[in-house]
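This briefing covers a protein chain and the DNA strands beside it.

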Amino acid sequence: MNYWLMKSEPDVYSWDDLVRDKKTVWEGVRNYQARNNLKAMKKGDLAFFYHSNEGKAIVGIAKIVKEFYPDPTDNEWSVVDIAPEKKFKTPVTLAQIKGDKRLQDMALVRVSRLSVQPVKKEEFDMVLALSEGK
DNA sequence: GCCAACGTTGGC
DNA sequence: GCCAACGTTGGC
């Protein structure tokens, strides 16, 4: 099982949109590194859902429900399907993550521009604990 | 709105 | 293959 983090601007597509839609096609990735991460995703993997710009926080966990396939609008790129898995009781903000010594190696801190990032299991567990106020 | 940190493009 | 110019992302 692998863990990921996917960014979305809530103005464009928010966690609530995902909940409303039940599942969605994660499209629009136009960065090779992000695409490689999409291709490495397996069905059942979990991904943090991060709101960039407005919010700047991880708000929940999505599940990969369909592995990568060609972007219907542009065959050169890839998409995956995701569905909501769990909403965080309290969002974990970027400021919280940046303020936690144990999370300084997260791609979110180190390669902030990457829109689809791998997350280590320890990091995943720690952020999850933070969301539960631990 | 500004700017740092990239990624991409194109001239040489 | 290098690098300047430009575009984009995203935090502040």
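**DNA surfaces and overall fold**

By class, the surface near DNA strand C has two nonpolar, four polar and three charged residues. Here a residue is near a strand if its C-beta atom, placed from the backbone, lies within 6 Å of it. Ala, Val, Leu, Ile, Met, Phe, Trp, Tyr, Cys and Pro count as nonpolar, Asp, Glu, Lys and Arg as charged, and the others, Gly among them, as polar. The model is predicted: local features need pLDDT of at least 70, side-chain atom pairs count only at pLDDT 80 or more, and totals for chains, interfaces and linings use all residues. Residues are numbered from 1 along each chain as its sequence is written, while chains are lettered from A and ligands numbered from 1 in the order in which they are written.

**DNA strands**

- The residues around DNA strand C are Lys7, Ser52, Asn53, Lys56, Leu94, Ala95, Ser112, Arg113 and Ser115.
- Around DNA strand B are Asn31, Tyr32, Gln33, Val111 and Arg113.
- The surface near DNA strand B divides into two nonpolar, two polar and one charged residues.

**Chain A as a whole**

- Chain A has five helices and six strands, taken as DSSP runs numbered from the N terminus (helices H or I, at least four residues; strands E, at least two).
- From the N terminus on, the order of elements is β-α-β-α-β-β-β-α-α-β-α.
- The radius of gyration of chain A is 14 Å, close to the 14 Å that the globule rule gives for 134 residues, so chain A is as compact as a globular protein of that length. This radius is taken over C-alpha atoms, and the rule is 2.2 Å times the number of residues to the power 0.38.
- The C-alpha trace of chain A spans about 40 × 30 × 30 Å along its principal axes.
- Of the 134 residues of chain A, 34% count as buried. A residue is buried if 20 or more other C-beta atoms, placed from the backbone, lie within 10 Å of its own, exposed if 12 or fewer, and partly exposed in between.
- Among contacts in chain A (C-beta atoms, placed from the backbone, within 7 Å) between residues at least 6 apart in sequence, 65% join residues at least 24 apart.

**Nonpolar core**

- The largest nonpolar core has 34 residues, of which Met6, Ala47, Phe48 and Phe49 touch the most other members. Such a core is a set of buried Ala, Val, Leu, Ile, Met, Phe, Trp, Tyr and Cys residues joined through C-beta atoms within 7 Å.
- Elements that each supply at least two residues of this core include β1 (3-8), α1 (15-21), β3 (46-51) and α5 (121-131).
- β4 gives the most to this core, with seven residues.
- Not counting residues up to four places away in sequence, Phe49 touches Met6, Ser8, Trp15, Leu18, Ile58, Val59, Gly60, Ile61 and Ala62.

**Two methionines**

- Met6 lies in strand β1 and counts as buried because it has 21 C-beta neighbours inside 10 Å.
- Leaving aside neighbours within four places in sequence, Met6 is in contact with Trp26, Ala47, Phe49, Tyr50, Ala62, Ser115 and Val116.
- Met1 lies in the segment before β1 and counts as exposed, with 8 C-beta neighbours inside 10 Å.
- With neighbours within four places in sequence left aside, Met1 is in contact with Gly44 and Asp45.
- The C-alpha atoms of Met1 and Lys121, 120 residues apart along the chain, are separated by 9.0 Å.
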